[in-house]
Every structure is written in structure tokens, then in C-alpha cells.
Amino acid sequence: MILTANASGAAWAARQGLVVLVVDVIDMSTSLEAALDEGAAAVFGASPDAARPPVPVDPAGVGRMAGERARALDTGVVVIAEPRTGTGEQRKAGIQKVLGGIAAAGARLEAVIPNLGASVAELADFKRRVVVAATGSGGVAFDAALTAGAPAVLAGTVARTRHKKGRDPAVAAATRAVAAAKNLHRGIAVVAASGNSMEDLLAAHYIYRLILELF
């Protein structure tokens, strides 16, 4: 198991065949944790159009993947995007590649909502939906890991949601990562979405230590 940071660290871990757990506390991974709490069938992260990380990303490909999963499950797609404030049209304008991929897969786009962490639970119906967080930092790192061929990419947080408090969110993330790693017979990389974000670094380290403690 390793602890690393940034899209470049996520891509490197993916190339080593590791299960990648992306930690972006404010707010991408917290938004996705809230979506899972509300019954989301699957969650993804994708890069916004303007992102220029030092490693390859493929937001259209992530959109297609999410759309294909939604069609297989006979459900729709909810997209979480930025800016947090502003209009829905502004959010859509920055994620045209993701939206194009969803459309190419023939999936139904149900909503595009702001990246507000736990509060997203109040903004859309997530039950059985496929969710894509097309955001900077966390979305870019998730996308980079998928594009580099990670066997599985997950998101985790330490922040509270409507249904989890204390260390429950971190335990949930650690449990998902370990389950995926055991199922795939792979190691785990815990990735702080941004090396410039102290909250991501501290949270990633906490989840890393929790995995060692519990498993």
C-alpha cells in the first residue's frame, strides 16, 4: 500500500496496477460519499474541460463509461460540477466533454448540480443513479487513474455526511478500498487529490493509517 498525491501520483499508482482511492475532502469525494449514502449505484470522477494536468485524462471517456453503466442499469446520470455558485449553464459549459460522453453512450442526463459536499444530498435524487463528479483536483485525479488503467478507482473522505459522522466516512472509504483490493488481488494507493491542500493530505494520511489499523 502507498500514499501519494495529485493526478500524477494517481496515474503512477494506476500504472502499477493498484486500486486507487482519491481523497478530495472539499468537496469532490465528500459529494460522492453523500451520493453513495443516498443510494447511488456507481460513482465516477472526471476532469473538467479546462484542466491541464501533467498526465493524460479522458473526460469524454469517463462520460461514456458512466453512461454505459447507467444504460446497463436502466437508470440516469447525475453530474456534479463547478463552479459551486453561478448558474447551471455555467457548470454545463465547463464540462462539455463529459456531457458529450454521456450523450454518446445514449444515457439519460438527469441533473447537473454544484459540488457542495454533503449538501448535494438535498439537490438531486441519487437512488440507483450513476454519478459523475466533473471537478478540479479530485475529478482530475480520478480521471487520470482511470485513463492510466487502474483496476478500480474509488473516492473517500473524512467529512461528515447526513448519514455518517465521526470516523464513519473514513471507515467506509477504507472498507471499500480493502474490499476492492481483495477482490482484485491488488494493492492500494491512497491519493490526496491535491498536494497543495492540507485537508486532502491529512485526510489521505488518516485513511491510510486506518487501513493499516483495521485490515
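This tour goes from one selection to the next and says what is there.

**Before you start**

The model is predicted: local features need pLDDT of at least 70, side-chain atom pairs count only at pLDDT 80 or more, and totals for chains, interfaces and linings use all residues. Residues are numbered from 1 along each chain as its sequence is written, and side-chain values use heavy atoms, with hydrogens and water left out.

**Stop 1: helix α5**

Select residues 96-104, helix α5. Helices (H or I, at least four residues) and strands (E, at least two) are DSSP runs, numbered from the N terminus. Color V98, L99, G101 and I102: these residues of α5 are buried. Buried means under 20% relative accessible area, exposed over 50%, and partly exposed in between (1.4 Å probe, protein chains only).

Look down the axis of α5. Its buried residues line one face of the helix, because they fall within an arc of 155°. That arc is taken from the directions from the helix axis to the C-beta atoms. Now turn to the face directed away from the buried side: A103 and A104 are exposed there.

What do the buried residues of α5 pack against? Show β3 (42-46), α3 (59-73), β4 (76-81), α4 (88-93), β5 (108-114) and β6 (130-134). Then step just past α5 to G106, which takes a positive phi of about 75°.

**Stop 2: strand β3**

Stay with one of those packing partners, β3. Five of its five residues are buried. Check each side: A42, F44 and A46 are buried on one, V43 and G45 on the other.

Two strands pair if DSSP finds at least two bridges between them. Pick A46 and find A134 of β6 opposite.

**Stop 3**

Select D27, in the loop between β2 (19-23) and α2 (28-37). Is D27 buried or exposed? It is buried, with a relative accessible area of 14%. Leaving aside neighbours within four places in sequence, D27 is in contact with R84, N115, L116 and G117. Contact means heavy atoms within 4.5 Å.

Draw the D27 to R84 pair. It is a salt bridge, with the closest N and O atoms 3.0 Å apart. The two residues are 57 apart and link distant parts of the chain: R84 sits in the loop between β4 and α4, D27 in the loop between β2 and α2. A salt bridge is a side-chain nitrogen of Lys or Arg within 4 Å of a carboxyl oxygen of Asp or Glu. R84 is partly exposed, at 36% relative accessible area. The structure holds nine salt bridges.

**Stop 4: E110 and its two arginines**

Select E110, which is partly exposed at 31% relative accessibility. Its side chain meets that of R108 in a salt bridge (3.0 Å, N to O). R108 is also partly exposed, at 45%.

E110 forms a salt bridge with R129 too, with the closest N and O atoms 2.8 Å apart. This pair links distant parts of the chain: R129 in the loop between β5 and β6, E110 in strand β5, 19 residues apart. R129 counts as buried, at 19% relative accessibility.

Next, select E33, D37, K164 and R176: salt bridges that share partners join them into one network.

**Stop 5: helix α8**

Finish at M198, in helix α8 (residues 198-214). M198 is exposed, at 52% relative accessibility.
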